[in-house]
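Here's a quick briefing to read with the structure open beside you. Have a look at the model first, then work through the notes below.

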Amino acid sequence: MNFFVVLVCVSLLVSSHFVDAADLIWAADFSRAKNSKEAGFGDIQYQRGGGGISHGAQIPVIKHPKLGNALNITLKRNDERWEALPPNGPAHNIKDGDEYYFRVDFVLGNNFPIGGRNPWCLVNQVHQGSNSGSPPIEFDIHDNAIWVRGESTAYNKRLGSVERDKVYKLVYHVKFSSSSSKGLLEVWLNNQKVLSGFRPPCATVRGGPSYWKGATMYCDPK
């Protein structure tokens, strides 16, 4: 199998001991890093209050008491997104028929808005090739739970309750398809399988190759 791995403190993280080295495609390395670039990430995307997306700033690495070294992604008032993408490679070129596993370890900060009533506040996503429309796979925090949603309203599945200041290991397996009848999505949360054999009712490859936004915090600025 093919694996991507990231660790984040969200305020989000990635660990290289998830799989055998032969199966691991990419993992961020926070052992000596001071920021996202030194940890091995590529493009960093930042957006504030509905404005355009900026590039080039770095996300700091901190020593978290529960995660160890991790990215510290923080949204200030009217901020909309901070996203750290893996470097160019397989994660940027996901095609019809590809099959991957992804892992993100994260902790929600003490002021993270976990109780919102079905807004959007993403902690991970796979984006379609097209710049328009919502992602086919996004992991949202709302209603005191983590959910997986696609194309805004195509589906929204509750995966489990969440609380602040607790470590979560999110692993998901995707068989990518340009057809809504042939894709597959499975999810594990803290080693428990919480979604099995699910076929997303939307294409997971659309408008060109899909790509993984490895470390994400993207929330409704309202």
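Predicted model: local features only at pLDDT ≥ 70, side-chain atom pairs only at ≥ 80, totals over all residues.

Residues are numbered from 1 along each chain as its sequence is written, and side-chain values use heavy atoms, with hydrogens and water left out.

**Overall make-up**
- The protein has 17 strands and zero helices (both are DSSP runs numbered from the N terminus: helices are H or I with at least four residues, strands are E with at least two).
- Of the 222 residues, 53% are buried (buried is under 20% relative accessible area, exposed is over 50%, and partly exposed is in between, using a 1.4 Å probe and protein chains only).

- The average pLDDT is 86, and 89% of the residues score at least 70 (pLDDT is the predictor's confidence in each residue, from 0 to 100).
- Strand β12 (residues 155–161) has the highest mean pLDDT of the elements, at 97, while strand β1 (residues 3–10) has the lowest, at 43.
- Residues 1–6 stay under 50 in pLDDT, and the model gives them 44 contacts beyond four places in sequence (a contact means heavy atoms within 4.5 Å).
- Residues 9–19 are also below 50, with 61 contacts in the model beyond near neighbours in sequence.

**The disulfide**
- Searching the whole structure turns up one disulfide (a pair of cysteine sulfur atoms within 2.5 Å).
- C121 and C219 are the partners, with 2.0 Å from S to S.
- This pair ties together distant parts of the chain, 98 residues apart: C121 sits in strand β9 (residues 121–127) and C219 in strand β17.
- The disulfide is right-handed because the torsion about the S-S bond is about 65°.
- C121 counts as buried because its relative accessible area is 3%, and C219 is buried too, at 7%.
- Another cysteine, C202, has 5% relative accessibility, so C202 counts as buried.

**T216 in strand β17**
- T216 is part of strand β17 (residues 215–219), and its 0% relative accessibility means that T216 counts as buried.
- A polar atom of the T216 side chain lies 3.0 Å from the backbone oxygen of K213.

- Strand β11 (residues 145–150) runs antiparallel to β12, and six bridges join them (two strands pair if DSSP finds at least two bridges between them).
- One of the bridge partners to look up is G160 in β12, which pairs with I146.
- Four residues lie between the two strands of this hairpin, and E151 in the turn has a positive phi of about 45°.

**N118 and its surroundings**
- You'll find N118 in the loop between β8 (99–107) and β9.
- N118 is partly exposed, with a relative accessible area of 43%.
- Leaving out residues up to four places away in sequence, N118 touches H142, D143, R149 and N156.
- From N118 to N144 is 9.8 Å, C-alpha to C-alpha, with 26 residues separating them in sequence.

Technical notes. Polar contact = N/O pair within 3.5 Å; in protein donor to acceptor, adjacent residues only side chain to side chain.
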